[in-house]
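Take a look at it before we start.

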Number of protein chains: 2
Amino acid sequence: MRNKEATYGLIVETAYKLFAENGFDKTSLAMIAKEVGISKPAIYYYFDSKEKLIDFLFEEICKEIIKQYTLTVDDLTVNNFEQFLLNIGFQMIEEQERDVYFNKIFNEYILLATRKEKYMNQLNKIQRGYFENFSRLMNHGVKIGVVNGENVESKSNMLVMVIDNIGNFILTGLELDYKGIWEEAVKSVLKGVRNG
Amino acid sequence: MRNKEATYGLIVETAYKLFAENGFDKTSLAMIAKEVGISKPAIYYYFDSKEKLIDFLFEEICKEIIKQYTLTVDDLTVNNFEQFLLNIGFQMIEEQERDVYFNKIFNEYILLATRKEKYMNQLNKIQRGYFENFSRLMNHGVKIGVVNGENVESKSNMLVMVIDNIGNFILTGLELDYKGIWEEAVKSVLKGVRNG
DNA sequence: GTCTATAGTCTGATAGAC
DNA sequence: GTCTATCAGACTATAGAC
């Protein structure tokens, strides 16, 4: 016999794992209940429906993402800007390779969002936040003179495209030199360390 | 009363559309049958199971992709290389914005692939082909002197990352200057038209 | 080729006892 | 809080008539 909070937490954890592994539709409440060690109706004590459980997990995941991507930009100088930018990517790559569940379930939510507006609204908010963060970073780079001021917005967006998609390709098991790719992307927006 | 080929084609077309719109699990054979204008068991005359229908569509889509991405590189010169590269991206962006179904169903297959090996094998083959094509293109660019030879592989992979993810972001309805982003990506790998 | 009818299974969800 | 028992509905798939 567990107390309320423990069971609640276990349901959430288990749902997260099974949804990521099998997808929402191929994960039944019976499967979750079995893995938690309770009966199916017990889940309904905590969540009104399967959809509410899915909604709750999405909100949790969104909160976690927003918490993680908030960057403090002000103390970046000519000397540490490049390394800071590189580290953002390196950390993400390492995290993707560590946590297999996150990317799978998040992709599941992206597909869900293309079909249900309520998810799309939240997803777009996260995306915009993500782009804005990189934009602030790049504009700071322009200000301190390490980033070229031409088309800053497009440069910034390009970096987001690259780092975001690296996660997707890792998911498909394709083994590429992802850190090398990120290094090229970073170099391409920096002044001085240029090609040609 | 239709003839065999016509019904067959209609089933395939309709399945493609409905799978893209609702996902595999949320599209029943009854829905497909209803839209085609036949009864559910009639589908079983053409496909042994729902899974076989899904498999068949995946193979068709893969064939189509392979046919489209094969690039002829040899007649590219210093004068038309940049425009050629730009056009690849522009065409893809326009196609993504035109055909809403393709990207949705393809993402559906990517998620499926992370859970079933038989799909992953085929997906990886396509991905590798995609990367190899861009690699050939970039190496040709190095040979004719428009692309810097340093880390060609990473540069090439970066371009694939960008163009591939643009499709995903279009899917989420986020309105960005995608052509501008692609222009920046292309510029970043070309000699001479550099920043800084 | 396409139908009606139906078998058999699983699902999300509820009622009510303890 | 968690259970057993059970619901109605949807699903894939098959049998057999025409």
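Helices (H or I, at least four residues) and strands (E, at least two) are DSSP runs, numbered from the N terminus. The model is predicted, so local features need pLDDT of at least 70 and side-chain atom pairs count only at pLDDT 80 or more, while totals for chains, interfaces and linings use all residues. Residues are numbered from 1 along each chain as its sequence is written, chains are lettered from A and ligands numbered from 1 in the order in which they are written, and side-chain values use heavy atoms, with hydrogens and water left out.

Q: What makes up residues 28–47 of chain A, helix or strand?
A: By those DSSP runs, the stretch is 75% helix and 0% strand, with its end C-alpha atoms 14 Å apart. UniProt lists residues 28–47 of chain A as "DNA-binding region", in an unreviewed entry. UniProt positions follow the numbering used here, feature names are shortened, and annotations may be inferred rather than shown by experiment.

Q: Why is α8(A) called mostly covered?
A: Buried means under 20% relative accessible area, exposed over 50%, and partly exposed in between (1.4 Å probe, protein chains only). In α8(A), 18 of the 20 residues are buried. Just after this helix, A:G173 takes a positive phi of about 80 degrees.

Q: Why is B:N107 called buried?
A: Its relative accessible area is 15%, and the cut-off is under 20%, so buried it is. B:N107 sits in helix α6 (residues 100–113) of chain B. Leaving out residues up to four places away in sequence, B:N107 touches A:L111, B:N168 and B:L171, where contact means heavy atoms within 4.5 Å.

Q: Why is B:D74 called exposed?
A: B:D74 has 72% relative accessibility, so it counts as exposed. B:D74 is in the loop between α4 (50–69) and α5 (81–98) of chain B. B:D74 and B:H140 are 66 residues apart in sequence and 7.7 Å apart in space, C-alpha to C-alpha.

Q: What makes A:E35 and A:K17 a salt bridge?
A: The rule asks for a side-chain nitrogen of Lys or Arg within 4 Å of a carboxyl oxygen of Asp or Glu. The closest N and O atoms of A:E35 and A:K17 are 2.6 Å apart, so the pair qualifies. A:E35 lies in helix α2 (residues 29–36) of chain A and A:K17 in helix α1 (residues 4–22) of chain A, so the pair ties together parts that are 18 residues apart in sequence. At 44%, A:E35 is partly exposed, and A:K17 counts as partly exposed at 27%.

Q: How do you know that the salt bridge of B:R115 and A:E108 joins two chains?
A: The closest N and O atoms of B:R115 and A:E108 are 2.7 Å apart. B:R115 lies in the loop between α6 and α7 of chain B and A:E108 in helix α6 of chain A, so the pair joins two chains. B:R115 is partly exposed at 28%, whereas A:E108 is buried at 13%.

Q: Why is the pair of B:Y8 and B:F47 called stacked?
A: Rings of Phe, Tyr and Trp (its six-membered ring) pair if their centres lie within 6.5 Å; planes under 30 degrees apart count as stacked, over 60 as edge-to-face and the rest as tilted. The structure holds 30 aromatic pairs over all chains. In B:Y8 and B:F47 the ring centres are 5.4 Å apart and the planes at 15 degrees, so the pair is stacked. B:Y8 lies in helix α1 of chain B and B:F47 in the loop between α3 (40–46) and α4, so the pair ties together parts that are 39 residues apart in sequence.
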